[in-house]
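Please read these comments with the coordinates open beside you.

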Amino acid sequence: MAHDHDHSHDDIEILEQGDTPVAAALTHEKRSRQPWRVYLPAITSLVLLLLGLALDQFDAAWFVDPWRFLLYVVAYLPVGWPVLRRAWSRILHKDVFTEFFLMGVATLGAFAIREYPEGVAVMLFYTIGELFQESAVLRARRSIKALLDVRPDEVTVVRDGKYQTIKAADVKVGETVQVKLGEKVGLDGIMLYDSGSFDTAALTGESVPRTIKRGEAVLAGMINRQSLVEMKVTTPFQDSKLSRILKLVQQASGRKAQTQEFIARFAKIYTPIICALAVLITLLPYFFVGDYIFSEWLYRGLVFLVIGCPCALVISIPLGYFGGIGAASRHGILVKGSVFLDLLTQLKTVVMDKTGTLTKGVFAVQEVKAIGIERHQLAQLTAALETKSTHPIATAILEYAGRGDEVWEEKKEKVYESYSVEDVEEIPGHGLKGTVEGREILAGNAKLLRKFGVAFDEALTKIPYTIVMTALDGKFSGYFTIADEVKSDAAEVIKNLKGMGIRTVMLSGDKSAVVEEVGRAVGVDEWHGDLLPEDKVAQVERLQKAMADNPKAKLAFVGDGVNDAPVVALADVGMAMGGLGSDATIETADVIIQNDEPAKIATAIAIGRATRRIVWQNIALAMGVKAIVLILGAGGVATMWEAVFADVGVALLAILNAVRVQNLKFAQR
C-alpha cells in the first residue's frame, strides 16, 4: 500500500468495540502498536501461579502465610483487578448480576477460605478465554477491516493543469483524479478514458477484473489493473459507497438475532438464580447436616458460582453471528445484522425479479435468420442502418455485427462502419428506413413491413422475443431475435434453492411470453409477467398469505432494490443484486449481494444455516456440560478446577466452534 491510513474514530470502533475485561487494553494496544502489552498480565499471572504451585508441591518451609498469601495476591491482581473494576462499574450502574460479579465473588471467596491457587486459576483462565474471544472477534472482522485497507488516504488530482498529491478528503466533487496502474481508487467517480480494467475483489468478492467504459462509475476501493486512467469525482470522500458500506457493517452488529436476544434475556434471569442457589448451597445444609463445616460448604457454593457463569453463552453466540457476517462479507455479501442471518435460515419462498437478477438486463441478439442473402451480409447492412439509432436494440445489433459468429469467423471486422448510409428516417413505434450502399433497407417490427407492403410469414409474430425484421429493396430478407440474456449461473442457483427445499418464483414487468421462456429455461417453480410495481406487491402478499399457517416460514424478494423498493420492504428479507451501484439499494435491502451473481443467493442462505447450526451447537454444549458439572459441584464432587473447565474450558471450546463458520467452504459455481 502506497500510503498509510488516517482511520477515523468510527473506523477504529468497528474493530475495537466490546465490553470485556481486556477490551480497553486491546484498544490501547492497537493504537500504541505494542501487541505484547495485552498479553503481559496473563503471562505474569501464569508464571507466578506456576511458581506458587511448585512451591506448594515441594513443601518449601518458608512458603507459608503471609508470604504464600502475598505471592498469590500478586499473581491474582494482573488478571483479577480489571474484572473487579468492571464488576464495580456495573454495580454502580445498577447491573449487579454479571459474569464479572460472579468471577469476583467466586475468586475472592476462594481467597477467603485460603484456596489461593484456585482463585488465581479461575481468574487467569477466564482472562485467557477473553483473550481468545478478542482474537476471534478481530479475526472475524478482518474481512471488514480489509475494506478500510483498500481506501487510500491520498490521491493524485489535476489542478491548474498540474498533478498534485493531496488527501482524498480534500478533493472536491467535479475535480479530475488520476489513477495509476496498480493504484487503489480513493473516491467514487466517472471514467473519463475509453475503458479500464479494475480489480473489484475487495468490494464484490469477484476474482475476475471488471472492464469499466467511458461514462461508467468507478468506485473507491477498486484497483486499477490495466493502464493509467483519469476519472471525474462525483461524491465527497465521506459519502463514497465504500464509506456507506463501512457504516452499514458497523451498524450490523447492533441488529441482533432472536437467539441473541433470548440468551441476553436468559442471562439476566439465569445469573441471579445461580447466585441464589450458591447462597442456599452454602447456608441451607446448616439445618440438615450434622457435621456442617462452613468453609467446606462455602467452597461448594463458590464452585457452583464459577460453574454457573454464563460466559460460554454470552461470548460465543454473538461471536458466532459476527463470524457469519464476516464470512458473508468475504463472499461479497453484506448482511445488515444477525437477525437477517437467522431469517435466511427460515426461508421457504424466494421471489426474484427477472431483469438484472436472473438475466443480465442487457439486450443481445439470440438468433439470426437470413433469406436470399448471407447472414453476415444481412448483419452488416442492418447494423449500418442501426448506427443512426441510439435504441438499446440497435446497440445489440451493432455489437453482434462487430463481434461476428461461427459463420463469418474470418470477417469479424466492423464492415458496416465503411458503408454509405443515406436518407435515414426513424418511424416512431415501427423502426428505421434508409439507404445503405445504394439499397433501400427497412429494419423494424412487423408494423413497419406491413406499412411498406413487404410480405413476410405472419407466424414470426408469435416468437416471444423482440424481433427486428429486415427488408432489402422491398423484399423480406430475414430477422433478428433479441432478448435479455440469462445469466450463466441462473439455472444453477434455482437448482440449489430447490435442493434446500425452497420454492422459487419469478416476477417481471416484461411481457408474459418472454417471462415464460426465461422461467422454463432457468427452472423456477412459478412465474408471472406483465406486472406493474403494485402487481408485484399483490403477488408477494398472496405468497405470504399462502404461508400464513406456518409462522416460521419466511419469504425473500431479490431485485435491484430501486425499482422494486416497495416489494423489498414488504418481504421478510429484502435482497439486492449489485448493491454497490445504488444508494437506494444500500438503504432498502436487508442483504446486499455486491455483484450480479445469482449464485450468491444460495451462498447467503448456506452461510445463515451454518451460522445458526454452530450457535445451537454452542448452546447445547454450554448448557449440557454446565448442567452435569453443576450437579457434581453441588454434591461436592467437582472442585474449583472442574469448575474452571465447565466455565472457561467450555467457553474456549464454544469460541473455537464459533470461529469455524469463517473457515467453512461454501459452494461457488
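1. A word on terms comes before the comments: contact here means heavy atoms within 4.5 Å, and helices and strands are DSSP runs, numbered from the N terminus. The model under discussion is a predicted one.

2. Which elements cover the buried residues of α15? The cover includes the strands β12 (359-370), β16 (466-472) and β17 (475-486), together with the helix α14 (375-386). The residues of α15 that are buried are Ile-393, Ala-394, Ala-396, Ile-397, Leu-398, Tyr-400, Ala-401 and Gly-402. As a general point, an α-helix has 3.6 residues a turn, so residues three or four places apart point the same way.

3. The length of α15 (residues 392-403) can be checked against expectation: at 1.5 Å a residue its 12 residues should span 16 Å, and because the end C-alpha atoms are 16 Å apart, the two values agree.

4. The largest nonpolar core holds 100 residues, and the members that touch the most others within it are Leu-344, Val-350, Leu-497, Met-575 and Ile-601. Helix α22 (residues 599-634) supplies the largest share of this core, with 13 residues. Apart from it lies another core, made up of 24 residues, among them Val-365, Ala-396, Ile-441 and Val-468. In soluble globular proteins, nonpolar side chains tend to be buried together.

5. What does Ile-601 touch, once residues up to four places away in sequence are not counted? Its partners are then Val-350, Met-352, Val-493, Leu-497, Val-558, Met-575 and Ile-593.

6. Lys-336 deserves a look, as it sits in the loop between β10 (333-335) and α13 (338-344). Is this lysine buried or exposed? Lys-336 has a relative accessible area of 10%, and it therefore counts as buried, given that the cut-off for buried is under 20%. The side chain of Lys-336 reaches the backbone oxygen of Ala-589 at 2.9 Å.

7. Ser-243, found in helix α9 (residues 241-252), has a relative accessibility of 11% and so counts as buried. Between Ser-243 and Gly-221 there are 10.0 Å in space, C-alpha to C-alpha, with a separation of 22 residues in sequence.

8. For the chain as a whole, the secondary structure comes to 23 helices and 22 strands, and 52% of the 669 residues count as buried. Among contacts with a separation of 6 or more, 67% join residues 24 or more positions apart. The accessible surface comes to about 30,500 Å², with carbon and sulfur atoms accounting for 57% of that area.

Conventions: Residues are numbered from 1 along each chain as its sequence is written. This is a predicted model: local features need pLDDT of at least 70, side-chain atom pairs count only at pLDDT 80 or more; totals for chains, interfaces and linings use all residues. Side-chain values use heavy atoms; hydrogens and water are left out. A nonpolar core is a set of buried Ala, Val, Leu, Ile, Met, Phe, Trp, Tyr and Cys residues joined through side-chain atoms within 4.5 Å. Buried means under 20% relative accessible area, exposed over 50%, partly exposed in between (1.4 Å probe, protein chains only). Helices (H or I, at least four residues) and strands (E, at least two) are DSSP runs, numbered from the N terminus. A polar contact is a pair of N or O atoms within 3.5 Å; within protein, one must be able to donate a hydrogen and the other to accept it, and residues adjacent in sequence count only if both atoms are side-chain atoms. Accessible areas come from the Shrake-Rupley method with a 1.4 Å probe; for residues, only the protein chains shown count as cover. The expected span of a helix is 1.5 Å times one less than its number of residues.
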